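Here is a short tour of a fold, written for someone who likes to check things against the coordinates. Have the viewer open and follow along.

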Amino acid sequence: MAMHSYFLHLFLIVALGSVVTTHVSNPVVPSPLRPLLHLQGNLSFDDAPLAAKDFGNIYQLLPAAVLYPASVSDVVSTVQHVFQLGPRSKLTVAARGHGHSLQGQAQTDGGIVVRMEALGGGTRVVHQQHGGQPYADASGGELWINVLVECLKHGLAPKSWTDYLHLTVGGTLSNAGISGQAFRHGPQISNVYQLEIVTGKGEVMNCSEEENSELFHAARGGLGQFGIITRAQIALEPAPEMVRWIRVLYSDFTSFTEDQEMLISAKETFDYIEGFVITNRTGLINNWRSSFNPRDPVRASQFDSDGKILFCLEMTKNFNQHEAESMDQQVEQHLSKLRYLPSTLFQSEVSYLEFLDRVHASEVKLRSKGLWDVPHPWLNLFIPRARIKDFAREVFGKILRDSSSRGPILLYPLNRSKWDNRTSAVIPDEEIFYLVALLSSAPSHGSLEEALKQNRKILDFCNKEGIKMKQYLPYYTTQEEWRGHYGDRWEMFAHRKGIYDPLSILAPGQRIFHKAVQSSSSSIVIHPEANHVQG
Ligand SMILES: Cc1cc2nc3c(=O)[nH]c(=O)nc-3n(C[C@H](O)[C@H](O)[C@H](O)COP(=O)(O)OP(=O)(O)OC[C@H]3O[C@@H](n4cnc5c(N)ncnc54)[C@H](O)[C@@H]3O)c2cc1C
């Protein structure tokens, strides 16, 4: 939404602020919302401006109210109520996880934001089910860091991660959830056994491979379009105590990517494999090695990047204290197959928790400098392996060189075979594809414009050159673009929307479907695949 419209909304709320409160008896609460004042949880009007913000800090949609649900039945009553109002009401419902979306995906213009973190319910570890495998039964609003801490008490941990853990279970499962373990275990959406979901009609449904499987597949990677995930059963494995964390550098892109691909395809390999690009624009040129020890301190201190673009391969090997020696041998063996610049081997050993929660340490630093709450014009792309060199040549060699936009750039391969192709997630049509994540920060107005211009150039280049990339955490504004994103899966996606959220109430901030609002004089007919697919 344009800033102008945001301020208009903000003005209206401020103007109404003196009379709109959360008290049940208050007569000025808009009548469609009054029934929600009787829920167990809290309906807040004061918090609406907070719910109009997200990590991206670029788009703001002001909701009418924010629900802090005390239970799943509050979520059910809210969605049911909005559903029953039918298409004469323009109310929509946006589940908000930790609000770490980038372009308003967890927001709603004039609707109800459901703060999923308030739902509670925590995490329960269940041993020996699902064919003998343990799992965590977690609330959809739980932060992954809390899931991890609870599981570690049982010597267990989820298998597949994101780089940053202060994100919610429901939020990442609505996208995919990827990190350096995905090459082995697949994304987080490949590592859930069962979901509890409140659909767009306000029904609670349990779904899994065996039960309501269509909803199970639709909701995983479904951008919140089919229901609100209130619980998830997450696959676990024994947690290691420690990790050996390794970084090595390459100046040659081909050797870098060939080594990455060799590692993700090998049987005996590391437990986590990522990589990033280092230019003097990424802010990493001097600190990529901070808190790592060089294998060869003398040669390492002589290493000079010479202003070149470098590529950092990042890997870990998990181990328990008593296995340190054999871990060491395995690491040596894996490293011996790589072609990195000899003086650039850097290592460190940290606890598993410290490694998985590593980005939080950067968050604390950036917050202390006032650099966390700035706009984040991020661009995340999946690039097919066949075109990654063309992409790198143009983007790193030209577009980024000519732009002053700054931020880390992740680049690592993933394998399609680890993704369940029945989910709603969209990936390129090649067995190996790369995540390229351009994680720009824009502390000033000019830098936001610059980064958005850079993103546009990259997307235009991909289109012009016929690089069949897919956006991860996709952002599109027209239905034509969404159809292009889903390709031949669009019909199924829209069909499932018609079944589970026929009025297009849920997750309007994704801008895929728009609630069709009828005037009160027209007759109301709800079709299972109703009028929800306008551009
Ligand atoms: C610092 C940072 C690091 C990140 N690192 C990674 C990474 O390594 N890998 C990765 O895959 N992603 C990563 N992400 C992206 C992240 O996965 C998405 O931004 C995700 O949407 C954020 O989760 P959230 O809980 O804040 O969800 P929100 O932003 O609150 O919501 C995201 C979408 O899901 C919907 N939604 C939220 N909760 C639910 C629910 N319970 N049920 C149904 N729909 C729901 C919302 O309506 C919205 O449409 C990162 C983001 C940040 C800010």
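## Overview

How many helices and strands are there in the chain? This is a predicted model, and its chain holds 15 helices and 19 strands.

Of the 535 residues, 46% count as buried. Taking the contacts with a separation of 6 or more, 74% are between residues 24 or more positions apart.

## The open sheet

Nine strands come together in an open sheet with antiparallel pairing. Reading across, the order is E13-E15-E11-E14-E12-E17-E18-E16-E19. Strand E13 (293–294) and strand E19 (470–471) are the edge strands, each pairing on one side only.

## Phenylalanine 382

Now look at strand E16 (residues 379–384), which contains phenylalanine 382. Phenylalanine 382 counts as buried because 22 other C-beta atoms lie within 10 Å, and the cut-off for buried is 20 or more.

Glutamine 471 is 89 residues away along the chain, yet its C-alpha atom is 6.1 Å from that of phenylalanine 382. Beyond the neighbours within four places in sequence, the contacts of phenylalanine 382 include Ile427, Pro428, Phe433, Met469 and Tyr472.

## Helix H15

Which residues of helix H15 (residues 490–500) are buried? They are Phe493, Arg496, Lys497, Gly498 and Tyr500.

Definitions and conventions:
Residues numbered from 1 in each chain as written. Predicted model: local features only at pLDDT ≥ 70, side-chain atom pairs only at ≥ 80, totals over all residues. Buried ≥ 20, exposed ≤ 12 C-beta atoms within 10 Å, placed from the backbone. Helix = DSSP H or I, 4+ residues; strand = E, 2+ residues; numbered from the N terminus. Pairing = 2+ DSSP bridges. Contact = placed C-beta atoms within 7 Å.
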